[in-house]
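The entries follow in the order in which I looked them up.

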Amino acid sequence: MHLLGIYTVWILFHTALCNYSEDQCSWRGSGLSQQQGSVEQISLHCSEGTLDWLYPKGALRLTLSPRLPSVAVGPRGGSSGLVTACVKPSEHFHGAQLYLERDGVLELLVGDRPESSPPPRVRCFSRLPGEKVALFMQATPHQDISRRIASFRYELRGDWTARLSLDSNHISTVEACRPCNDTEILMAVCTSDFVVRGNIRSVGEDENLRAAVIKVGATRVFRQKYALFTGNGRAAARGDIRTLLQCGVKPGPGSFLFTGRVHFGEAWLGCAPRYKDFLQAYTAAKAAQQIPCELPVD
């Protein structure tokens, strides 16, 4: 499918740093106020937010200009200038279709699905520096639009491979499940959204995301971006961490150092060495004055 003759929501990704505030992160509007065939212009300036399009009709043009680091470091310590974008449609996404446009060709990401179909999955993609990609949302015609709302959350991050956790259709599970080496572990301690020492209580499954859910008992929370690991009183903090089913995580004894990223409010696993292995690597790197950051270890 090509670009001519469609009404679209455009989401363009820019490299410029822009100021932003809370009220510029999300947009909510109604197609009832739009003329058929009209295009409304919207601009947001955050690396994450939401779009709620009630009663889709006509079209929107949404430009995202997120403030991202000029050089970003991934969870394994790499840096290539990639920007990864993820879109999470609501469970009741109806009334529109969402496409990725690259080199003038449209790829369907989220269709206008029937009421009885399963919830749509998170979709992720990346762009190289200078590459122009866009998301297009097209309102689909319906006799009754009163119950149709096209909503999604978006995240843009600098050069961490969100697709490793959220969209497993286009990735190598060998890379996603590969144990981290010492350098990657030490970098993950510095750059992850959470760093927690704990043990694996059990492993379940998230059927919607087709992911394994590791239930962790945390003996020490070094850092967490959100309240992912919480406890009452003297009870050990507990929390869930997701990873790919293909990685085959099993419950077992021992203390681990869990690190990773937060995607759409959920913790996803990055590096997870046994704590004694981390401590050995950390002690050796500190003695050689080669640690990228310090952690108050035991």
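I located Ser192 in the loop between α3 (182-191) and β12 (194-206); helices (H or I, at least four residues) and strands (E, at least two) are DSSP runs, numbered from the N terminus. The model is predicted, so I note that local features need pLDDT of at least 70 and side-chain atom pairs pLDDT 80 or more, while totals for chains, interfaces and linings use all residues. Residues are numbered from 1 along each chain as its sequence is written, and side-chain values use heavy atoms, without hydrogens and water.

I found Ser192 buried, at a relative accessible area of 6% (buried is under 20%, exposed over 50%, partly exposed in between, with a 1.4 Å probe and protein chains only). Its side chain reaches the backbone oxygen of Ala188 at 2.6 Å and the backbone nitrogen of Gly260 at 3.5 Å. Beyond neighbours within four places in sequence, I list Arg223, Thr259, Gly260 and Arg261 in contact with Ser192 (heavy atoms within 4.5 Å).

I then turned to helix α4 (residues 275-287), which has 13 residues and reaches 18 Å from first to last C-alpha, close to the 18 Å expected at 1.5 Å a residue (1.5 Å times one less than the number of residues). I recorded Tyr275, Phe278, Ala281, Tyr282 and Ala285 as buried in α4. Seen down the axis, the buried residues of α4 fall within an arc of 130 degrees, so they line one face (the arc is that of the directions from the helix axis to the C-beta atoms). The face turned away from the buried side of α4 carries exposed Lys276, Gln280 and Ala287.

Note on methods. A polar contact is a pair of N or O atoms within 3.5 Å; within protein, one must be able to donate a hydrogen and the other to accept it, and residues adjacent in sequence count only if both atoms are side-chain atoms.
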